[in-house]
Amino acid sequence: MNNLTRRDWLIGSAALVGGAALAANAHAQSITIDGYVPTPENPIRMSSNENPYGVNKKASNAMHKAHQYGHLYGGGGPQGPLTELIASMEGIPAENVMVAGGSGEILKTLALMTALEGGKILAPQPTYDDTFMEYSDWRGIEKIWVPVAEDLSIDLDAMHAAYTDDVRIIYLCNPNNPIPTVMHGEKLKAFVQEMSQKCYVFVDEAYYEYVVDPNYQTMIPLVPDHPNLIVTRTASKVHAFAGIRIGFGFGSPEMLAKIKTMMTGSINGPAMWGAIESYKDKEYQNFVLRKNAEALQVLYEFFEKHGIRHIKSNANFTFFHTGMDVVEVYNRVRQHGIAIGRPFPPLLDWMRISTARPEDMVFFTEVYEKEFLS
Ligand SMILES: Cc1ncc(COP(=O)(O)O)c(C=O)c1O
C-alpha cells in the first residue's frame, strides 16, 4: 500500500466505478438536487476540493456573452484589465502579476524551470502532490522531504535545517494541502526573506480565501522586492473555475517573463471575462465562504462527538484520523455514493475530505457513523 502511486490510485478508483467514463461524468452533486440519488457511480464529490455551488451567475452571463469573440486568438480576452484588477486588489504593480489557464500551468512550468536549471526541490511532506510534484517526478528532480511537525503543520525550522546548497526551489503550500494548516505569517516572512537570497521560494496560496487563522499572511506584498519569490493563486476554489481554468502568478517581471516563455498552455477569453465579474462579486464569494464554514462545522461537531482527531481547517477541506487504511475507508464510503480523499503518504490512516454543501456533510456523517462507529 505504501507504494501506491497517485496514478495507481486514480486507476483503482475508476475501476471501482466500472470505468473512467463514468468517473468523468460525476458532477459536484448534492442530495438537495431534485431527483439526484448518490450512487457509487455518480457520488457526491468530497474528494477534489471543488466548490459545490458552481460558477456565479454574473460570471456565467459574462462568459456567455464573450462567446461572440470566440473566433479571435486570445478570445478577445481582457488580459490587461484582469491583471490590473488583481494587482489593484493585492496592492502591487500589474507588472508583478500574470494570468494563466489555471495555476497548475504555472506549477508545471516551475517544475520544468527547475529541471532545466538543475538542483533539488525542498518541500514539506505531505503536501500538494499533483502538477508541480508529478511533473518534477517525471523530470527526475530530486526532492528533500521534510516531515510536518507533531501538530501536522509545516515545520519551517526543520525546512530551514534541511536546506542544502543544491536546492533550486523551496515549495510551500500555504494553507497546506492535504492538511489545511497555515504557517505563522511573521515566521514565514522571515523565512522567505532569508531563503529567497539563496534559491527560488514558491508559495502556493490556492486556498488563501478560506483562511480563518489570524496569524496568516499572504506573501504577495513581498513579491516586488524579492526577485526569487513566486506566489500563485487560483480561481478554481471560491470562484468555482476549476473546469474553466484561470490562475495567477505573482513574481518579478523577469521571473514572469521566464515562466511565460516556457509555458505551453493558453488562456481563453470567456474565462477571463468571467473571472473579472467573479472577482468583483464579493457577495457570491462571501456566500461560498459562509457555506464552507457551515459544512466544516458539521464535520467538527461530528468528529468532536466521537473523539476523532481532526484539523481546524483554513480551506475547503479538512483532514481527519481514520485509524485505519484510507483505501478501505474510501471504498466503504463510496458504496454509499460519496467520494472522499485518497492516500497521502506517509499519513495513510488520515483522510482528506472536501466540503460539499452542509446537508451533504450531514449525509456523510450518517454514513460514517453507520459504517465505522456503530
Ligand atoms: C495547493 C494547490 N495548488 C494548485 C492547485 C491547482 O489549481 P488550478 O490548476 O485549478 O489553479 C490545486 C488544486 O487543487 C491545489 O490544491
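Two residues are taken to be in contact if their C-beta atoms, placed from the backbone, lie within 7 Å. By this criterion, 25 residues of domain 1 are in contact with 29 residues of domain 2. On the side of domain 1 that touches domain 2, the elements that give two or more residues are α11 (282-305) and β9 (317-321). The greatest contribution to this side of domain 1 is that of α11, with 4 residues. The residues on this side of domain 1 comprise 11 nonpolar, 11 polar and 3 charged.

The model is predicted. The domain assignment gives domain 1 as 6-12 + 37-56 + 283-373 and domain 2 as 57-280. Taken over C-alpha atoms, the centres of domain 1 and domain 2 are separated by 25 Å.

The crossing of α3 past α10 is right-handed. From α3, the residues K58, A59, S60, A62, M63 and A66 take part, and they meet G269, P270, A271, W273, G274, E277 and S278 of α10. The contact of α3 with α10 has 7 nonpolar, 4 polar and 2 charged residues.

Helix α4 (residues 79-90) also packs with α10: their axes come within 9 Å and cross at roughly 25°. The angle makes α4 roughly parallel to α10, because values under 35 degrees count as roughly parallel. This crossing of α4 and α10 is left-handed. In α4, Q79, P81, L82, L85, I86 and M89 meet the α10 residues M272, A275, I276 and Y279. The contact of α4 with α10 consists of 9 nonpolar residues and 1 polar residue, with no charged residues.

## Packing of α5 against α9

The axes of α5 and helix α9 (residues 253-262) come within 9 Å and cross at roughly 95°. Helices α5 and α9 are therefore roughly perpendicular to each other, as the range for that class runs from 65 to 115 degrees. On the α5 side, the contact involves I106, T109, L112 and M113, which meet K258, I259 and M262 in α9. By class, 5 nonpolar, 1 polar and 1 charged residues make up the contact of α5 with α9.

Which residues of the shell are closest to the ligand? The shell holds 15 residues, and the closest are G102, S103, G104, T234 and S236. Helix α5 (residues 103-117) supplies the largest share of this shell, 3 residues.

The shell around the ligand is made up of 9 polar, 5 nonpolar and 1 charged residues.

## Backbone geometry in loops

Cis peptide bonds are found at two prolines. One joins Q125 and P126, with omega about 0°, and P126 is placed in the loop between β3 (120-125) and α6 (132-138). Another joins N177 and P178, with omega about 20°. The position of P178 is in the loop between β5 (167-173) and α8 (185-195).

Residue T131 lies in the loop between β3 and α6. Its phi is near 35°, which is a positive value in a residue other than glycine.

Key
Residues are numbered from 1 along each chain as its sequence is written. This is a predicted model: local features need pLDDT of at least 70, side-chain atom pairs count only at pLDDT 80 or more; totals for chains, interfaces and linings use all residues. A residue is near a molecule or strand if its C-beta atom, placed from the backbone, lies within 6 Å of it. Ala, Val, Leu, Ile, Met, Phe, Trp, Tyr, Cys and Pro count as nonpolar, Asp, Glu, Lys and Arg as charged, and the others, Gly among them, as polar. A crossing is left-handed if the near helix is turned anticlockwise from the far one by less than a right angle, and right-handed if clockwise. Domain bounds come from an automatic or database domain assignment. Axes are lines fitted to C-alpha atoms, for helices over the stretch in contact, and angles run from 0 to 180 degrees between N-to-C directions. Angles under 35 degrees count as roughly parallel, over 145 as roughly antiparallel, 65 to 115 as roughly perpendicular and the rest as oblique.
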